[in-house]
Amino acid sequence: MATSHEPRRGAIPLSLAHLRDSQIDAVIGAAKEGFLLVDAERQIIWANPALRAMFGLESADLLGRSSSELRSLLTESVEDPASFLSRNEEIYQDEATIIEDEIVKISQPRSITTSRTSVPVVSKEGEYVGRLWIYRDVTKALAAERAKAELEATNRRLVELSETKSIFLSTISHELRTPLTAVLAHSDLIKRRQACSGNEKDLQHIEVILRGGERLKSLIDDLLDVSDFESTVMRIRESRFFINDAVSSAIDSIAPVTAPKHQRIVLEQCSPDAQIVNDRERFEQILGNLLSNASKYSVDGSVIRVVAYIDGNAVKVSVNDQGEGIDQSNLFSLFEPFYRGDDELTRSTQGAGLGLTISRSLARAMRGDLEVSSELGTGSTFTFGLPLIEGEWIAS
Ligand code: ADP
């Protein structure tokens, strides 16, 4: 037994009488941790209610017990009595031993996992007078840690799966594009020849092939765009351009879609005009997609209103239609990949549900955003905005 009069590092310099003092008893008595104090002869001299509850002991069970009786009382409750006993022996061998965060599983009266700490208690003179054990119930904390680890593992797996899916999308789209380009090029060649030889029937067939091919091509381009932004490599090629030019050009390109439906596009140009540095092709792609939707999801003869304007530090273009509108509860889903409305009109039109996903991702890659407001029965307004940055200007 160590008899050094120098208080040891980590040991608690208190007398046992001091520890039994009623104030300390009141404070530790209310603690959630289980406290157990044994004297130099390994007799239990004090245990708080939390400790007794953990080991299923009555206070009368403890007092005046011999150390071996006590050992068996505590040992009965633990999951692995043999290693509990041998570990305790090991700790008692060296009075100076301090242990921290050692896991002990208790099976009786409740199955719990505890983390225990043990420090020697020394008198003011530095003499070893016993040992304090503190047991903390960590069952819930460990379960939470396990749940968190499982969640993280699931998350990693989902990210991996998502990456695999993006690679698959990108590879398959590239693979499909090559033969399709050949099909389109040769169909176009045959179409020109038929146009000269004048076989009307064959010309119609070849037109069908070409239209189908073009549609397939635009679907493949969409898939490539989706896999690009999922792998965060969306390419933005910047150049300087006027907003009104780009808006007019997008409106001109959509004429083949709106004309057969006798729809009219009313344009309010940006005034004053603004010159920005951004990706013009992508700008027109987004606007083209909004215009195509405005036409697709509105009846024949309706009016589509396009307004380009400056709003603070941003250039905005809104596309408003007189369609059926979109239910508020579906507004968030619109931008999800492959989302398509389940209304009559949507079912009767072709689409893969990628246009708005791509448009919003592109808008964000271009430092801007795409928003929607809609009311059922009145129509929808999609607003695409880009910030005005240094070097860009508003025409006077
Ligand atoms: P797609 O048009 O190929 O279905 P989008 O991503 O462009 O894909 O649109 C997703 C869905 O949002 C559409 O299927 C449609 O239900 C709805 N939607 C888009 N634009 C409009 C609009 N202007 N008016 C009403 N519904 C729209």
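Let me start with a helix pair: H10 and H12 pack at an angle of about 145°, with their axes 10 Å apart. Axes here are lines fitted to C-alpha atoms, for helices over the stretch in contact, and angles run from 0 to 180 degrees between N-to-C directions. Helices are DSSP runs of H or I with at least four residues, numbered from the N terminus.

Before going on, this is a predicted model, in which local features need pLDDT of at least 70, side-chain atom pairs count only at pLDDT 80 or more, and totals for chains, interfaces and linings use all residues. Residues are numbered from 1 along each chain as its sequence is written.

Back to the pair. The crossing of H10 and H12 is left-handed, a term used when the near helix is turned anticlockwise from the far one by less than a right angle, with clockwise giving right-handed. On the H10 side the contact uses Arg282, Gln285, Ile286, Asn289, Leu290 and Asn293, and these meet Gly355, Ser359, Leu362 and Ala363 in H12. By class, that contact has four nonpolar, five polar and one charged. Contact means C-beta atoms, placed from the backbone, within 7 Å. For the classes, Ala, Val, Leu, Ile, Met, Phe, Trp, Tyr, Cys and Pro are nonpolar, Asp, Glu, Lys and Arg are charged, and the others, Gly among them, are polar.

H9 passes H10 in a right-handed crossing. Among the H9 residues that meet H10 are Ala246, Ile254 and Val257, and the H10 residues they face as a group include Phe283, Leu287 and Leu291. This contact has nine nonpolar, six polar and two charged residues.

Last, the domains. The assignment, which is automatic or from a database, gives domain 1 (12-137), domain 2 (144-230) and domain 3 (239-394). Five residues of domain 2 are in contact with seven of domain 3.

Technical notes
Contact = placed C-beta atoms within 7 Å. Helix = DSSP H or I, 4+ residues; strand = E, 2+ residues; numbered from the N terminus.
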